[in-house]
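Subject: The structure, and some notes on it

Hi,

Here is the structure I promised to pass on.

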Amino acid sequence: MKIEDIFTGGGITSILSAVMPESKHIVDWKLSHGKNWKEVLNAASEYGTALHVIYGEWLQRKFVPEELLDAASEHCRRWGKSGDMPRKDLLAFMKFCEDYKVVPLVIEGMLLSPPTNSKQYCQTIDLLCEITIVEKTKRMVDEGFFVRGEKKGQPKITEVTDKTEKVITALIDFKSNFDSKDKKSFFDSHCYQLMAAKKAVKYNFDIDVDGIYNFSPDGWQNEPSYTLKKWNIDNDDELLFGAYINLASLRGLFTPSGKKMVINKNAPIDPQTKSGDYEILGYTDYVKKYILEQ
């Protein structure tokens, strides 16, 4: 592979956070946690990452190693949370899988976006799957005539609800509930992340996604429960999403600007290591030197 063939792209979450106005809910959350809100956010993010791994293990193997649950439990205890949280959250996820007969198609898939102004960004989808939903349709049934009472002799029409199971292709984005709320709240940014994911699935796999959802365990006490938020997209949503993505493209946010520091690559840091034994490389140079050459 030539250096000009290497592609680097920004992540959709970072891109949206850079161009979308901060919601009132996020501002209120920051204020409620005071000056250490960043530490709390990082702790919640770490827990969310652990849950992704746990959910992935269950989806693939129907088995979760105890060491993964123990590590997540210890993280929760360090932040004053219940050590039972990871196991409770897993039970809630298991119930979701049972309720919707989840069949995984792609777990933690890293995808490219469709081009915007000849540029692309990246994102990881949590779960592309098939789920079974129940569709309800109402119909009127003619049951003849009333034979007694005030309506005697009048036509008797009854409304009946039919329930039909239907298998659809769905995108599920996982959110943790580190604050153990009864129900997790979801915001516009969550919706736009899923809109981007839906477009990426179509672009990469030519698969049409029927529904986009956020999943979160509830802070349940007596039996496992969860929140599955379905996003219904209208034309205004499409226009806003397109505006944000175009703005990000024009601002050059599709190309990440970060760097990686490498200390004494492939060698231990020991008494012979000097303060100058490091490199600071852009992502493209890092890929060329330390990944392609392996």
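This is a predicted model: local features need pLDDT of at least 70, side-chain atom pairs count only at pLDDT 80 or more; totals for chains, interfaces and linings use all residues.

Residues are numbered from 1 along each chain as its sequence is written, and side-chain values use heavy atoms, with hydrogens and water left out.

Salt bridges

I'll begin with the charged pairs. A salt bridge here is a side-chain nitrogen of Lys or Arg within 4 Å of a carboxyl oxygen of Asp or Glu. Searching the whole structure turns up 19 of them. Here are some.

Glutamate 74 pairs with arginine 77, and their closest N and O atoms are 3.7 Å apart. Both sit in helix 4 (residues 66-78), three residues apart, which is about one turn of the helix. Helices (H or I, at least four residues) and strands (E, at least two) are DSSP runs, numbered from the N terminus. Glutamate 74 has a relative accessible area of 36%, so it counts as partly exposed, and arginine 77 is partly exposed too, at 48%. As for those words, buried means under 20% relative accessible area, exposed over 50%, and partly exposed in between (1.4 Å probe, protein chains only).

Lysine 199 and glutamate 238 make another salt bridge, with 3.2 Å between the closest N and O atoms. Lysine 199 belongs to helix 6 (residues 188-205) and glutamate 238 to helix 7 (residues 235-250), so this pair ties together parts that are 39 residues apart in sequence. Lysine 199 is partly exposed at 30% relative accessibility, and glutamate 238 is partly exposed at 34%.

Then there is lysine 202 with aspartate 206, where the closest N and O atoms are 2.8 Å apart. Lysine 202 is partly exposed, with a relative accessible area of 36%, whereas aspartate 206 counts as exposed at 55%.

A nonpolar patch

On the surface, Met261, Ile263, Ile269, Tyr278 and Ile280 form a nonpolar patch with about 540 Å² of accessible area together. Strand 6 (259-263) and strand 7 (278-282) are the elements that give two or more residues to this patch. Patches are made of residues with over 30% relative accessible area and no salt bridge: like charges are joined within 9 Å, and nonpolar side chains (Val, Leu, Ile, Met, Phe, Trp, Tyr) within 5 Å. Isoleucine 269 lies in the loop between strand 6 and strand 7, and it counts as exposed at 61% relative accessibility.

Two more residues

Neighbours within four places in sequence aside, serine 113 is in contact (heavy atoms within 4.5 Å) with Gln120, Tyr121 and Tyr203.

Lysine 230 is in strand 5 (residues 226-231) and is partly exposed at 41% relative accessibility. Not counting residues up to four places away in sequence, lysine 230 touches Ile212 and Tyr213. Lysine 230 and phenylalanine 215 are 15 residues apart in sequence, and 9.0 Å apart in space from C-alpha to C-alpha.

Cheers

Methods: Accessible areas come from the Shrake-Rupley method with a 1.4 Å probe; for residues, only the protein chains shown count as cover.
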